[in-house]
Amino acid sequence: MRLLVLAVLSVALMVVDARFSLLKPARSQMSLVLMDAYWITDLPGRLWEGVASQFGSRTELVAENEKLKTENLLLQGRMQKLAALTEQNVRLRELLNSSALVNEKVEVAELIGMDPNPFTHRIIINKGERDGVVLGQPVLDARGLMGQVVELMPYTSRVLLLTDSTHSIPVQVNRNGLRAIASGTGNPERLELRHVADTADVKEGDLLVSSGLGQRFPAGYPVATVKEVIHDSGQPFAIVRAVPTAALNRSRYLLLVFSDNRTAEERANDAAQAQENLDAFGGGPVVPATVPKTVNTQTATPAATTATPAAAPASATPAKPAAGKPPATPAKPPAAASKPPAAQPASARPAAKPPVTAPATTGGRE
Amino acid sequence: MVGVKASRNGWIVWLTFLIGMLLSVSPLPQFMEILRPLWLALLLAFWALYMPQMIGMVTAFCLGLAEDVLYGTLLGQNALILTLITFLVLSLQQRLRMFPMWQQSLVILVIFGLAQLVQLWLSALTGNRQPTLALVLPALVSALLWPWVSFALRGLRRRYKIN
């Protein structure tokens with residue numbers, strides 16, 4: 001009898017949970033307590049890391065520091081080039097009157113647990129609703145896209161990885177812009193392109209980047225590299241297998257991307273508005289706003305190309321001495337100055353955690 | 001008078017459930033994920049077997065809800081499974097207590113296997129299609145672990161006089 005009642009109750013709960021959002025508050029309240037379990041099980045590893053860094057020998061630390069410095073130098077060098085390119089892109093886009101760039105902000109999150117179910121590829125990260133994470137938010141690591149947020153809890157959230165068999169992402173071949181859809185296979189090292197014509201120009205080694213067509217992932221982030229293309233005359237489509245560029249089962253630090261969720265139209269309108277304001281405000285259109293920036297970057301570029309090791313770190317001073325951060329968080333918002341509205345989604349959110357968010361704003365990205 | 005004693009040391013039972021919950025989300029190497037024993041179900045089976053006056057289907061239901069939140073499945077899915085397991089254990093309780101250990105393990109295997117099949121069916125209904133019958137493997141591992149878990153918990157029970 002009791003079994004019957006409880007069984008009916010649980011079936012009813014399942015139906016309600018699947019169909020309506022009635023139970024979401026209860027769930028988030030429960031997760032407030034329960035998600036600590038992941039944190040606790042993660043604790044030994046964290047402690048071990050702490051102890052290891054405490055007792056790590058000085059020479060090791062010096063070596064690591066050296067390595068990080070060179071890496072930083074390289075990335076800074078690349079950033080300077082990127083800044084120039086971004087400026088150029090902005091100007092060309094203005095000439096074309098095409099829609100404005102999107103300023104994306106990223107925030108560092110840490111992985112605290114894997115989903116215990118071996119058939120799903122989901123991870124749990126230590127940022128949640130209270131940190132401004134939203135449903136469907138893209139997650140990156142240093143090398144590429146990892147997945148999207150599928151469940152929000154107050155201080156944690158669940159991320160569905162690209163390789164889960166229920167996940168698909170619109171991509172583009174970087175070489176020629178060919179569009180396709182990459183679906184997960186349930187294998188952490190494997191994505192598959194669905195319904196690619198047999199004659200399509202896809203080759204082994206092609207880089208697939210996100211195309212942004214699904215309105216969920218920002219465009220232009222690397223997703224996977226094509227591993228093999230099989231043309232089977234018995235099959236209607238070519239079989240294209242790709243390997244995700246992100247280290248899906250190895251990354252510990254992830255980046256949450258805060259792209260603004262305005263539509264392209266709104267964005268264009270805002271950009272036009274900004275332009276008008278700028279024109280009305282003081283003479284010159286956008287050029288004066290960008291000029292100091294370009295001057296900066298152009299003066300900085302020769303310094304780096306001559307490769308005086310002292311000069312490049314000097315130009316790197318605005319970036320903070322990021323110790324535990326992955327090196328790929330690009331600093332410097334070069335295009336931000338020319339577009340006040342693009343910074344709005346950033347300022348609308350609670351501006352907590354200045355050390356993490358401040359250097360993490362990327363420059364204008366398509 | 002039983003109730004008085006149970007209320008005195010009942011917290012140990014809840015402590016074991018807490019540990020079971022931690023074990024059920026603790027990270028494992030990739031190849032072992034598929035073999036992860038059903039810790040909560042094992043603990044529930046033991047306590048339902050030896051302390052049916054304290055641990056029943058309602059407890060199982062609540063623990064199942066907690067597990068649902070932990071795993072991110074639909075609320076009620078694991079609750080249904082754990083309730084079912086507890087029901088089967090409770091209905092076999094009188095006989096199960098008399099059985100030798102290997103026979104207990106066998107019964108546990110059957111019960112957990114059934115529960116995992118229901119789990120498979122439920123997750124197929126909710127769209128997370130799970131490819132294989134490998135889902136029954138945890139039941140096997142749990143059955144193999146049963147003698148040890150049972151032995152340890154019995155020791156715990158005697159030590160702290162929980163009844």
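Among contacts in chain B between residues at least 6 apart in sequence, what percentage join residues at least 24 apart? The figure is 65%; two residues are in contact if their C-beta atoms, placed from the backbone, lie within 7 Å.

The model is predicted: local features need pLDDT of at least 70, side-chain atom pairs count only at pLDDT 80 or more, and totals for chains, interfaces and linings use all residues. Residues are numbered from 1 along each chain as its sequence is written, while chains are lettered from A and ligands numbered from 1 in the order in which they are written.

**View 1. The two chains.** Chain A has nine helices and 12 strands. Chain B has eight helices and zero strands. Helices (H or I, at least four residues) and strands (E, at least two) are DSSP runs, numbered from the N terminus. Buried residues make up 33% of the 366 residues in chain A and 40% of the 163 residues in chain B. A residue is buried if 20 or more other C-beta atoms, placed from the backbone, lie within 10 Å of its own. In chain A, 66% of the contacts between residues at least 6 apart in sequence join residues at least 24 apart.

**View 2. Where chain B touches chain A.** Here 28 residues of chain B are in contact with 31 residues of chain A. On the chain B side, α1 (2-25), α4 (57-71) and α5 (77-91) each supply at least two residues. The most come from α4(B), with six residues. By class, this side of chain B has 17 nonpolar, nine polar and two charged residues. Ala, Val, Leu, Ile, Met, Phe, Trp, Tyr, Cys and Pro count as nonpolar; Asp, Glu, Lys and Arg count as charged; the others, Gly among them, are polar.

**View 3. Helix α7 of chain B.** This helix covers residues 101-125 and has 25 residues. From first C-alpha to last it reaches 36 Å, close to the 36 Å expected at 1.5 Å a residue. The expected span is 1.5 Å times one less than the number of residues. Buried residues in α7(B) include Gln104(B), Ile108(B), Ile111(B), Phe112(B) and Ala115(B). Their cover includes α3 (39-50), α5, α6 (93-98) and α8 (137-160) of chain B. Just after α7(B), Gly127(B) takes a positive phi of about 100 degrees.

View 4. An unreviewed UniProt entry lists "transmembrane region" for residues 12-31, 38-66, 72-92, 104-122 and 134-153 of chain B. Such annotations may be inferred rather than shown by experiment. Residues 72-92 of chain B are 71% helix and 0% strand, with end C-alpha atoms 31 Å apart. Residues 134-153 of chain B are 85% helix and 0% strand, and their end C-alpha atoms lie 28 Å apart.

**View 5. The barrel of chain A.** Six strands close into a barrel in the order β6-β7-β8-β11-β10-β9 (chain A), with antiparallel pairing. Strands pair if DSSP finds at least two bridges between them. Six bridges join β10 (residues 222-230) to β11 (residues 238-244) of chain A. Thr225(A) stands opposite Val243(A) in β11(A).

**View 6. Strand β12 of chain A and its partners.** Strand β12 (residues 253-258) runs antiparallel to β1 (residues 105-114), joined by six bridges, in chain A. Val106(A) has Val257(A) as its bridge partner in β12(A). Strand β3 (residues 138-140) of chain A also pairs with β12(A), in the antiparallel sense over two bridges. There, Leu140(A) stands opposite Leu255(A).

Methods:
Buried ≥ 20, exposed ≤ 12 C-beta atoms within 10 Å, placed from the backbone.
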